[in-house]
Amino acid sequence: MHKPRHHMASVLLSCLIGAALLLSIAALQHLFVSHVPLIPRNFVIPVLVGASIGLFIGLYHRRLLQREDRLQEAYHDIWQSAYYDQLTGLPNRTLLLDRLRQAVAHACRHQQTLGVLLLDIDRFKRINESLGHTLGDQLILLVAERISSCIRDSDSVARLGGDEFVLLMPDLKHPDDVALVANKILTAVAQPIELEGQEVFCSCSIGIILAPLDGDDGDTILKHADIAMYKAKDSGGNCYRFYSWYMNQQAVERLAMEANMQRGLERGDFFLHYQPQIDLRSGRIVGVEALLRWQAPNIGPISPELFIPLAEETGFIIPLGEWVLRSACQQAVNWQRQGLPPTRMAVNLSVRQFRQKDLVQTVANVLAETGLKPSLLELELTESCFVERPNEAMAVLHELSRMGVNLSIDDFGTGYSSLAYLKLCPINHLKIAIHFVRDITTNPDDAAIAEAIIAMSHAMGIRVIAEGIETTEQQSFLVNKDCDLAQGFLFARPMPPEKIAPLLAKGESGQSAFSEILSPQPALF
Ligand SMILES: [Mg+2]
């Protein structure tokens, strides 16, 4: 840290030196040149002149020193902001990469092992949003202190950005040493934190790599540590995971799948199947849900449970989801052109799509391009859409609703919906999660939940769709509990558009497509 110098002392010193110098000259002149005895009058003038010149030189010198100080301060500030994190004062990414490069080179030269730990606070985004950014910053500061308190003198810790920290542990005697430190950090971070009288619990996930074994340059090391950290997050957080070749292979496979998905969309490997939604009273098909399928060449069908989470994670869900929306709307229009009755088309919307700024515009464009009436489109959202920024989510829902688009909440009961928000949502349908429907006739708790969802929805003027109905017992139970609509293998599996058409045609002729199934069933409850 730069310290200001004592400039006034140097000015006074200059005065004294100036005065002493001129006094000496005057004395020499009196003694050797004029031979006039030294008298007080002649003595005072040189002292005053000398002191004035000294003062002038001193002030000028002080100004030079001040300018130099300001330059040093500016240089120091630039250095600080270029290499250190403003909030925690820890080295930042730039300095970390430099230290990492030196540490790896040192480890390679001396055949040592460098431990690199990447720490990320679990669910920090949620903590930050619920506490506010000021308290979020305080939390980061406290976590940084706790991490710093767990390390050896030879280790160094840096803030990579956001809620990510990196710890460098040079000269490891044994990989277990790094695990010991990781455990110590996990325990320290998990201690309750008091922020403005509020007790906050947080935890972190740690990815560990050993250099040069698992990587010998900064970017590779951080990339691999990131993979290991996400492995720890996938395991539920508050734990550490080592990077290994196997984990790297998994990441490579995911990347290959990601590239395949992009090519697949261009090649037309994706297609939609449609599953009917049946009115439980009339047995008529009132809508269909569009379900995405992927048939990869040389691989075969890939389960949506595998590729949709990956598409969501990588952001590929945005173009893919838009393709689904456009194709489904086009299909609904095509059926009408074939003379089939107008059928509501339900399209699933992922959280990432829902948060797109231009979602409303995209939906409006697709409706305009395909010519589908907004009232024939239903967007299925999940409860996760409302967890973060509920007010913004509500505004988007109202905009879509004003356009005339139907909205439903998918898998209801599995997320963290706030009933207060549900009351304000312009929702048309709630879909009871398969999870509750599966054991509805055997598990009294699931039966009670389903019944409560139906009663609550009806009181709020929302219709209920039960998903995953496979048996007539489940169907009878739901009919008895006044559930409105149903979807499931009992009625029809998801099927290609040409197979749905005859079922839709039955509705047109006034017949019930599923009258056989819905013919009086013995009531179980
Ligand atoms: Mg759905």
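## A covered strand

How many of the five residues of strand 12 (residues 377-381) are buried? The count is four, so strand 12 is mostly covered. Strands (E, at least two residues) and helices (H or I, at least four) are DSSP runs, numbered from the N terminus.

Before we go on, note that this is a predicted model: local features need pLDDT of at least 70 and side-chain atom pairs count only at pLDDT 80 or more, while totals for chains, interfaces and linings use all residues. Residues are numbered from 1 along each chain as its sequence is written.

## Partners on either hand

Strand 12 pairs with strand 11 (residues 344-348) in the parallel sense, over four bridges. Two strands pair if DSSP finds at least two bridges between them. In this pairing, Asn348 stands opposite Glu380 of strand 12.

Strand 12 also runs parallel to strand 13 (residues 406-412), and four bridges join them. Look for Leu379, whose bridge partner in strand 13 is Leu407.

## Two nonpolar cores

In soluble globular proteins, nonpolar side chains tend to be buried together. A nonpolar core is a set of buried Ala, Val, Leu, Ile, Met, Phe, Trp, Tyr and Cys residues joined through C-beta atoms within 7 Å. The largest one in this model has 68 residues, and Met345, Val347 and Ile432 are among those with the most contacts inside it. Helix 10 (residues 317-337) gives the most to this core, with eight residues. A second, separate core of 47 residues includes Val104, Leu119, Ile221 and Tyr243.

Leaving aside neighbours within four places in sequence, Ile432 is in contact (C-beta atoms, placed from the backbone, within 7 Å) with residues including Phe412, Val464 and Ala466.

## Helices to explore

Why does Leu222 count as buried? Leu222, in helix 7 (residues 218-234), counts as buried because 23 C-beta neighbours lie inside 10 Å. Leu222 and Gly207 are 15 residues apart in sequence, and their C-alpha atoms are 9.5 Å apart in space.

Finally, turn to helix 4 (residues 124-131) and helix 5 (residues 133-149), which pack with their axes 6 Å apart (axes are lines fitted to C-alpha atoms over the stretch in contact). Where they meet, Ile127, Asn128 and Leu131 of helix 4 face residues of helix 5 including His133 and Leu139.

Notes: Buried ≥ 20, exposed ≤ 12 C-beta atoms within 10 Å, placed from the backbone. Contact = placed C-beta atoms within 7 Å. Axes fitted to C-alpha atoms, helices over the stretch in contact; angles between N-to-C directions.
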